[in-house]
Amino acid sequence: MKQKYFFSMMLIICGLLLPGLQAQQITVTGVVTSAAEGDITLPGVTVMVEGTSRGAITDLDGRYEIQANPDDVLVFSFVGMTPQSIPVDGRSVINVSLEMAVAELGEIVVTGYGTESRRLISGSVGVVSEEEMRESSLRTIDGVLQGRSAGVQITQSSGTPGAANAIRIRGNSSISAGNQPLVVVDGIPVTTGNFGQVGFSGQGIDALSDINPNDIQSITVLKDASAAAIYGARATNGVILITTKRGAKQPTTLSFNATLGLQDLENRLDMLNAEQWHDLKGTQPADPANMVNTDWLSEVLRTAPTMNYELSARGGDENTRFFVSGNYYNQEGILLGTSYERLSSRVNLDHIVNERFDIGMSFGVSYALNNRVEGDQSLNAPLANAIANPAIYPVYNEDGSYNEEAPFANPVAIGKEAINEAHSYRTLGNIFGNYRILKNLTFSTKWGIDYLSLREHSYDPATTRQGARSNGIGLEAQSNVLNLVSNNTFRYVNTFGEHHNTELLGGYSFEMFQRRNSFIRGVDFPNPYFQYVSEAGVITGASANATDRGINSFFGQVRYNYNFRYILSLTARYDGSSRFGEENRYGFFPAVSAAWRISEEDFFKNWNTPINEMRIRGGYGITGNDGIPDFAYLALFGGGANYLGRSGIFPRGIPNPDLKWETTYQYSAGLDMGLYNDRLEITVDYYYNHTKDLLFSRPIPFSSGHGSITSNIGELENRGIEFSLSTVNIENRVFSWTSSFNISRNRNKVLALYNDQPLDNIGRGSNSVRVGEPIGIFYGYKSLGVDPSTGDIVFADINGDGQITAEDRTKIGDPNPDFTGGLSNRLTYQNFELSVFLQFSYGNDIFNGTRIYIESMKGSDNQTTAVLDRWRQPGDETNIPRATELDPNNNNRISSRFIEDGSYLRVKNLTLSYQLDRSLANRLGMSSARVFVTGQNLLTFTNYSGMDPEVNYAGPSDLVLGTDFFTHPQVRTVSFGVSIEM
C-alpha cells in the first residue's frame with residue numbers, strides 16, 4: 001500500500017515538473033532598427049511575449065533583453081511602425097528591422113543626443129534627406145542645404161572653389177559674436193569657419209568643405225531654443241546635426257558613383273571695346289590699322305571641368321556592422337589660377353560586445369588643395385583687373401613676355417604665374433561606448449577629435465607686377481587647430497501604466513580648443529624657380545601665436561508623452577566658458593516645449609475630415625553666445641614693443657571683467673498637418689527671438705591709448721514666419737509626381753546700442769547698424785536722378801538746409817531679403833526620374849560697388865557699355881551722368897544710384913536619370929545601376945545688372961552684407977554621371 005502511494009506521488013510530481021522542464025526559459029537579446037531610415041536604432045520599442053504580460057523596452061541604442069520560452073513568439077511594436085511577430089525558435093539573439101506603417105508618426109529624426117519620431121517632436125526642426133542631397137552636384141554641405149529648409153538662408157558669397165559661405169538660421173542674432181550655426185557631426189561639434197592667414201578679400205577657406213556630402217545619411221536643422229537648447233552655449237544661431245552613413249545587417253554592398261561635368265559663366269559684364277574706349281576718352285589709337293582690342297574677361301575666364309568619384313562598402317552581421325568610403329573630387333575654377341581638389345575617406349564601425357555593452361567609431365580623414373587668386377579689393381586680382389583694364393592693352397609683348405603697360409597688373413600673368421596654395425589636412429573622428437546598466441538605463445560616452453592642419457604657400461614671382469617690385473614675394477603660413485570633445489550621458493527610457501512614455505537624460509561634456517599659428521614673409525628671390533622663404537634674400541616679417549580655450553557643461557532633458565497625444569519636453573544646460581571672468585563664466589540655458597496631437601483625440605476622429613494628422617506646438621528657451629576674442633576680460637600684454645634694440649611689452653587692450661554671455665530669449669509656435677493620408681503635409685512656424693547684452697568691440701577715445709573695448713552694448717530682435725508644404729500629386733504604378741515648397745520671412749531690428757550711437761561706414765557699401773533698423777542697412781545719399789540741364793546727379797537735401805552734406809545721408813537700401821525659399825518637383829515615369837529644384841530670394845538690395853569704378857567715366861578703369869547712354873548735352877534724359885574727370889559734384893559718392901534689386905529665382909538643380917531594369921543590371925553583375933545628367937545654376941531670373949545677384953565680397957561677414965565689389969560669380973555646371981551598386 002505504501003509502495004503504491006509512493007509511485008502515485010512520483011507520477012504527480014513528474015507531471016508537475018516535466019512541463020516546466022520542457023518550457024525552460026532562455027534570455028533573448030537583440031537590436032531593433034528602422035528599415036526606412038538607414039537602420040537607425042530605435043529606442044522605446046515595446047517587446048512582448050505573445051499571450052503573456054512579460055515585456056521589455058529597447059534602450060537608447062535600440063537594444064533589448066527579455067526572458068522567453070524556446071517556442072514563444074515575440075511581438076515588436078513601435079508607434080508609427082508595423083508590428084512584427086517573430087518566433088523565438090530557441091534563438092538567443094534576434095535583431096529586428098521595423099517598417100513604417102501606413103498611418104505613421106513620421107520618419108525617425110536625429111535630435112540632440114538621440115533620435116525621435118518626427119511627430120513626437122515639440123520643437124522646430126528641418127530635415128534634409130539623403131535623396132535630396134543626391135540631387136545636388138555641389139560637393140559641400142552648405143551647398144546641398146541651400147533652399148531645402150524653411151528659415152535657413154545660405155548665401156554662397158562667391159563662386160570661388162572651396163570658398164566660405166554664410167549660413168543663417170532665423171536671421172542674424174548678433175553684430176559681432178558670430179551668426180554661423182553650430183555644426184555637429186555624429187554627435188561631435190566640429191570646427192567651422194576660415195582659419196587661413198593669407199587674406200583673399202572675403203574668399204576665405206571653409207573648413208566645412210572638407211566633409212564629403214555623399215557620406216551623409218541625413219541632416220537635421222534645430223531651429224528654435226526648445227530643440228537646440230540641449231547644446232546651450234552655442235545654440236543661439238541654431239544647430240545643424242549631420243549623421244553619416246553606417247553599416248547594416250546585410251551582405252556587403254559596394255557602391256560606386258562617378259560624375260564628370262563642365263562649368264562656365266551664365267552672365268558676364270559688357271565692357272567697352274578699344275574703339276568705344278577711345279571715343280569715351282577722346283583719344284586716337286597710335287596705329288588705327290592694327291588697333292589692339294583685348295577682351296580681358298575672355299582671357300581669364302574659361303570653361304572648366306569638374307569630376308567626382310566615390311566608392312563605398314556597407315554591410316555587417318548580427319554583431320558587427322561597417323561603412324567604408326573613399327572620395328576624390330576635383331573642381332577646376334572658371335577663373336584662371338583657381339581650383340579645388342579633395343581626397344577623403346571614412347570608416348564607421350559598430351560592434352556589439354555582449355548583451356550589455358556595445359562600442360563603435362566614426363573616423364574620417366581628408367586632404368584638400370585649394371588654389372586661390374586674390375580677389376575683390378586687391379590690385380592684383382585677375383577678375384577685378386580683367387574688368388578694370390581697358391581693351392587697348394595687349395596681353396603679351398612681341399617677345400612673348402607679359403605686357404604690363406595697363407593701369408592695373410596683367411591678370412593673365414597673375415593667374416598663370418602666381419602661386420597661392422592652401423593645403424588642408426583634416427582628421428575628424430570619435431569613439432563611443434554604450435553600457436546598459438539596467439533594462440531601461442544606459443550610460444553612453446563619446447570622445448571626439450577634430451584636427452585641422454592648414455598650410456598656406458604663396459609666391460609672386462618677378463614675372464608678375466607685384467612680384468617684380470620686390471624681386472619675388474613669398475609667404476608661408478601654418479595653422480594647426482585642435483578641438484577635443486567628450487560627451488557622457490545617462491539615459492532612462494520607460495513606459496508607465498501603458499500610456500506614460502518617459503525619457504530622462506543627464507550628462508556632462510567638455511571641449512578643449514587649441515590653435516597654433518605661424519607666419520613668415522620674404523622678398524628678393526634668386527629667380528622664379530626658387531619660391532620658398534628659406535631662399536629669400538630678406539625676411540620682412542614673421543609671427544607666431546597660440547590660443548587655448550575651453551567649455552564645460554552639465555545638461556539634462558525630460559521627454560514625456562501621454563499615449564503619444566500630449567507631448568512635453570524640458571531641457572536645461574549649464575555652460576562655462578573660458579572667455580568670461582569668474583563672476584560671469586557660467587550661464588544657465590533652460591527651455592520648455594509642448595505639443596498636442598489633436599488628431600489623436602476621440603472627438604477629432606469622429607469628424608469627417610481629410611486631416612489624418614494635426615499637431616500644435618509651442619516653446620520657450622534661452623540660448624547663449626560667447627563668440628568674442630579670447631580673454632577680453634583680462635589685462636593682456638604682448639611682446640615685440642622693442643626700443644633701441646631691447647625687447648619690450650605693451651598692453652593689448654583694456655580689460656573688461658564685467659563681460660557676460662550674449663543671451664537670446666526665443667519664443668516659438670507651430671502647426672503641423674497631414675491630409676489625405678499624408679499626401680499633403682503642411683508646417684507653419686512663428687518665432688520671436690530677443691537678443692540682449694550684445695557683445696561688441698565699441699569705440700572709445702584714443703586718449704585711452706586704445707581704440708575700442710569689448711563690451712555688452714545692446715539688444716536686437718528677429719521675428720518671422722515659416723511655411724513648408726509637401727505633396728504627393730500623382731502616384732501609381734507607372735507615374736508619380738511629388739512636390740515640396742518652403743518660404744520664410746524674417747524681420748530683424750536693432751533695439752538698442754551703446755548710447756544708441758550708430759555704427760556707420762562699414763565696408764564698401766557703407767553698411768550701418770542703427771537703432772530701429774535691420775542689421776547692415778545701406779546708409780548714404782539718395783539719388784534723385786540726372787539733371788537734364790547739367791548732367792550731374794541730383795541728391796536729396798534731407799535736412800533742408802540747402803546744402804548736400806554728410807547730414808543728408810539716409811537709409812538707401814536693405815540687404816536683408818523679405819522672403820527666401822525653394823521649390824522642388826520630382827517626377828518618375830517607369831525607370832525615368834526628373835527632379836527640378838528652384839531657389840529664390842526676394843526683396844533684398846545689393847550695393848553694386850563695382851559700378852562706382854566701371855561707370856565713373858573718370859580715371860583709368862574700363863567702363864561698361866552702360867556709359868554709352870551717358871548725358872552728353874543739355875536736354876538729354878538718362879540715368880547715367882556726364883563724363884568728367886574732375887567731377888565737382890562727386891556723382892560717384894555712395895548713393896542709391898548704386899543700389900539695385902537683388903531678388904532672383906534660380907534653377908538651382910535639374911536632374912534627369914534612368915534606372916536600369918534590375919534583370920539587366922543583374923546580368924551585368926550589378927544589383928542596380930543609374931545614369932543621370934544634372935545641371936546646377938542653369939538659369940537665373942533677376943533684374944540685377946552685375947554678374948551674379950548671390951554675392952558678398954566680404955564673405956560670411958556679420959555686418960558687411962549684400963555688397964558686390966568685383967566678386968567672383970556663381971558658376972553654371974552640367975554633369976553626367978553613373979551610380980552603381982553591387
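Predicted model: local features only at pLDDT ≥ 70, side-chain atom pairs only at ≥ 80, totals over all residues.

Residues are numbered from 1 along each chain as its sequence is written, and side-chain values use heavy atoms, with hydrogens and water left out.

A search of the whole structure finds 48 salt bridges, a salt bridge being a side-chain nitrogen of Lys or Arg within 4 Å of a carboxyl oxygen of Asp or Glu. Three of these pairs are tabulated here.

| Pair | N to O distance |
|---|---|
| E601 and R565 | 3.6 Å |
| E613 and R597 | 2.6 Å |
| D818 and R747 | 3.0 Å |

E613 lies in strand β30 and R597 in strand β29, so their pair ties together parts that are 16 residues apart in sequence; strands are DSSP runs (E, at least two residues) numbered from the N terminus. E613 is buried at 2% relative accessibility, and R597 is buried at 4%, where buried means under 20% relative accessible area, exposed over 50% and partly exposed in between (1.4 Å probe, protein chains only). Both E613 and R597 also belong to a network of salt bridges that links them with R119, E600, D678 and E681.

By its relative accessible area of 0%, T963 is buried, and T963 lies in strand β52, which covers residues 963–964. Leaving aside residues up to four places away in sequence, T963 touches several residues, among them R764, F778 and Y953, contact meaning heavy atoms within 4.5 Å.

Definitions and conventions:
Helix = DSSP H or I, 4+ residues; strand = E, 2+ residues; numbered from the N terminus.
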